[in-house]
Amino acid sequence: MRNFYLPLSLLLSFAGMAHAQSSQVGLKLGGSLAQYRGNDAFVGNCNLGGYCGGGVLQLPPGSVFSVQLELLYSQKGARGQTFALPNYMSVSGAQRLAYLELPVLAKLRSIMGFFVETGPTFAC
């Protein structure tokens, strides 16, 4: 639990510095393709399309460094292929999962206009 307090205190200190400058607010919308991977994933799963979207808050929008907070809703999951069962029937289906994600990103801009974002994401 102690490891959680350090990033939280840093985030709050950035938020305290940001009130002197204007913040930028925006929306993020998009799509996603997801599928299960790993040893315990069911055989024959395919991509399942979903959507994602949410809000973005950039504190402070400086020329080189800023902190970007996002609150996103995203859909993930997988689609199963049709499987034949021993009793001459078949089964297929899809499993769609919904996530609420909170990325906290440090954003660094270069002179040429490119930028790099890095940071943790909290999801439930």
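**Exposure, contacts and rings**

A: Ser63 counts as exposed, at 66% relative accessibility. The cut-offs are over 50% relative accessible area for exposed and under 20% for buried, with partly exposed in between (1.4 Å probe, protein chains only).

Q: What should I keep in mind about the source of the model and the numbering?

A: This is a predicted model, in which local features need pLDDT of at least 70 and side-chain atom pairs count only at pLDDT 80 or more, while totals for chains, interfaces and linings use all residues. Residues are numbered from 1 along each chain as its sequence is written, and side-chain values use heavy atoms, with hydrogens and water left out.

Q: Where is Ser63 found?

A: Ser63 is in the loop between β3 and β4. Helices (H or I, at least four residues) and strands (E, at least two) are DSSP runs, numbered from the N terminus.

Q: What percentage of the residues count as buried?

A: Of the 124 residues of the protein chain, 21% count as buried. Among contacts (heavy atoms within 4.5 Å) with a separation of 6 or more, residues 24 or more positions apart account for 52%.

Q: On to strand β4. Is Gln68 buried or exposed?

A: Gln68, found in strand β4, is buried because its relative accessibility is 5%.

Q: Which side chains does Gln68 reach by polar contacts?

A: The side chains of Gln68 and Glu70 are joined by a polar contact of 2.6 Å, and the side chain of Gln68 makes another with that of Lys107, at 3.4 Å. A polar contact is a pair of N or O atoms within 3.5 Å; within protein, one must be able to donate a hydrogen and the other to accept it, and residues adjacent in sequence count only if both atoms are side-chain atoms.

Q: Lys107 again: which ring does its charged end sit over?

A: That ring belongs to Phe115, with the charged end of Lys107 at 4.4 Å from its centre. The rule requires NZ of Lys or CZ of Arg within 6 Å of the ring centre and within 35 degrees of the ring normal. Lys76 also lies over the face of a ring, that of Tyr99, at 5.2 Å from the ring centre.

Q: What else does the side chain of Lys76 contact?

A: The side chain of Lys76 makes a polar contact of 2.9 Å with the side chain of Glu101. Glu101 is in strand β5 (residues 90-109) and is buried, with a relative accessible area of 13%. Glu101 and Tyr73 are 28 residues apart in sequence and 6.3 Å apart in space, C-alpha to C-alpha.

Q: Which residues does Glu101 touch beyond four places in sequence?

A: Among them are Glu70, Leu71, Leu72, Ser74, Thr121, Phe122 and Ala123.

Q: Back to the rings. How many aromatic pairs are there?

A: The count comes to one aromatic pair. The rings of Tyr51 and Tyr73 have centres 6.0 Å apart and planes at 45°, so the pair is tilted. Tyr51 in strand β3 (residues 48-59) and Tyr73 in strand β4 are 22 residues apart, and the pair links distant parts of the chain. Rings of Phe, Tyr and Trp (its six-membered ring) pair if their centres lie within 6.5 Å; planes under 30 degrees apart count as stacked, over 60 as edge-to-face and the rest as tilted.

Q: How accessible are Tyr51 and Tyr73?

A: Tyr51 counts as partly exposed at 46% relative accessibility, and Tyr73 is partly exposed with a relative accessible area of 32%.

Q: Last topic: how many disulfides does the structure hold?

A: The structure holds zero disulfides, a disulfide being a pair of cysteine sulfur atoms within 2.5 Å. Cys46 is partly exposed, with a relative accessible area of 26%, and Cys52 is partly exposed at 24%.
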